[in-house]
Amino acid sequence: MSRKIAIFDTTLRDGEQSPGASMNTEEKLVIARQLIRMNVDVIEAGFPISSPGDFKSVAEIGRIAGDSCTVCGLTRAVDKDIEVAAEALKTAKRPRIHTGLGVSPSHLYEKLHMTEEQAIERAVHAVKLARNYVDDVEFYAEDAGRADQDFLVRIVEAAVKAGATVVNIPDTTGYNMPWDFGARIRDLRERVDGIENVTISVHTHNDLGMATALALESVRNGATQIECTINGLGERAGNTALEEVVMAIKMHEKELDAHTDIVTKELTHASKLVSSITGINVQPNKAIVGANAFAHSSGIHQDGVLKARDTYEIIDPADVGAAGSEIILSARSGHAALRHRMAELGYTFEDAEFEQVYQRFLEIADQKKEVYDEDLESMVQERQREVAAVYTLDALQVSCGDPLVPTATATITDEVGVQHVVCATGTGPVDAAYQAIDQVVAVHGDLSEFSIKAITRGIDAIGEVTVRVAAEDGNVFTGRGSDTDIIVSSAKAYVNAINRMIQTARAKAGK
Ligand code: KIV
Ligand code: ZN
């Protein structure tokens, strides 16, 4: 059996330190329930002395957690902090006090104004005091990533002797390279007396985008607890993202000789929940939980994924509770992707017809960033209502505005292939376009109805126009047209109705 890596979630403490992420107790409880469902080992529920709200959250989360996980409260190495945390944690079945202080030269001399010896004394006192209240005490050596390593060894050893059960080695400022941080962990393992009896935890920040790499390198060097947050929330650039370390360990269990007990199918839900509660959106290209994590956009990738998912996906989306691989249809999509999506929508085409469909798809894709299912449906319906065209609208240019006179220039090809370029003015842009079309077509129709609706999503939605045009004999013909430009839709609908009118007349005349 590989080593168990404990997942210490600090979304509710360090994560809440993200600007704008503050949560009330109710919201924290919702997230805590999700963390319990995911089977995290430790929930850092807050910093009890910092506010009555944090105190309450720690107490309430302690109450709901029961035996399912350890509940932890943060303190400085200050008596009052520790006493208040102990009070808040009384409700917890498995309480942990997380106490410590800065250990780098910058923290010791510039922030705390302490000598190394004074810091060791303070750490020992804090750990002993905390042990008076709870059996499980985690000592953090803040800014260990920039500390003098010999001093780090001494203070960690002193904390272990004083009764710490877990030692937390943070790269508080996200300064380290993975290999340097890994070496620090290995060195602690080799040099700290008694370290084999405690858990080595790592708490890494993402200022250089290295948080996940540092955590994994630490696991390779003996750490067995990772402190992390959902979506990588946290102070400044954030903390190690829980979903990233959990999935990286799962994918590389053998080489890391490590596993976690996290229910990975809950990861996507947890991410969405935290994002909706904090109001902090997840970047679309975020590993594991971003909206694009399983979306394929290039034609080559789409073709590969449709043949075999693992050509471009290392994780089965179902493993993290994501909806599934997604093929994004855009101008970069190839035939395979369009054919596949059309088949999913229930449309199949012979090769020659499919080529026409694909060309029309490219025209739409050139006008839109993304082609949705509704766009495809509308495209198919447009084909289904096509009648043998007597006239085809090739181009339409309209100028209008206030106080401009609406003017339309239409280019129309007739059935013998002659192209007509005509220009007309009207009461509005649609009227101008219709007047221009009327100059070419051989029949006259009266527009009796005009309606327009958006049939797809977004500002670049396709608008569908339906017109009813009465012929001189009183028969009424329906025409439809769709385009991202509603004036073009209107003109297409009118030409469509005219074509029907002419074809019906020809059919009646037996031509
Ligand atoms: O980043 C850090 O060092 C911390 C400690 C309080 C553990 O958040
Ligand atoms: Zn931190």
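Predicted model: local features only at pLDDT ≥ 70, side-chain atom pairs only at ≥ 80, totals over all residues.
Before we look at any single residue, let me say that helices (H or I, at least four residues) and strands (E, at least two) are taken here as DSSP runs, numbered from the N terminus.

Residues are numbered from 1 along each chain as its sequence is written, chains are lettered from A and ligands numbered from 1 in the order in which they are written, and side-chain values use heavy atoms, with hydrogens and water left out.

D257 is partly exposed, at a relative accessible area of 37%, where buried means under 20% relative accessible area, exposed over 50%, and partly exposed in between, with a 1.4 Å probe and protein chains only. R236 likewise is not a glycine and has a positive phi of about 50 degrees; R236 belongs to the loop between β9 (225–228) and α9 (242–251), and with a relative accessible area of 46% R236 is partly exposed.

Now to the metal site. Which residues coordinate the zinc ion (ligand 2)? They are D14 through OD, H203 through NE2 and H205 through NE2, at 2.0 to 2.1 Å, where donors are N, O and S atoms within 2.8 Å of the metal (3.2 Å for Na, K and Ca), and where the site may look incomplete because water is not among the atoms. Along the sequence, the spacing of these donor residues is D-x188-H-x1-H. D14 lies in the loop between β2 (6–9) and α1 (25–38), whereas H203 is in strand β8 (residues 199–204), so the pair ties together parts that are 189 residues apart in sequence.

D14 and H203 are both buried, and for D14 the relative accessibility is 2%. The side chains of D14 and H203 are also joined by a polar contact of 2.9 Å, meaning a pair of N or O atoms within 3.5 Å, of which, within protein, one must be able to donate a hydrogen and the other to accept it, and for which residues adjacent in sequence count only if both atoms are side-chain atoms.

Next comes ligand 1, whose surrounding residues include R13, D14, H98, Y140, H203 and H205; a residue is near a molecule or strand if one of its heavy atoms lies within 4 Å of it. Strands β6 (136–142) and β7 (166–171) each supply at least two residues of this shell. An oxygen atom of ligand 1 lies 3.0 Å from a polar side-chain atom of R13, and the distance from an oxygen atom of ligand 1 to an N or O atom in the side chain of D14 is 3.0 Å.

Two further places deserve a look. I262 is in the loop between β10 (258–259) and α11 (267–278) and is buried, with a relative accessible area of 8%; I262 and I7 are 255 residues apart in sequence, yet 7.9 Å apart in space, C-alpha to C-alpha. Finally, the peptide bond from D402 to P403 is cis, with omega near 20 degrees, and P403 is found in the loop between β13 (391–399) and β14 (407–414).
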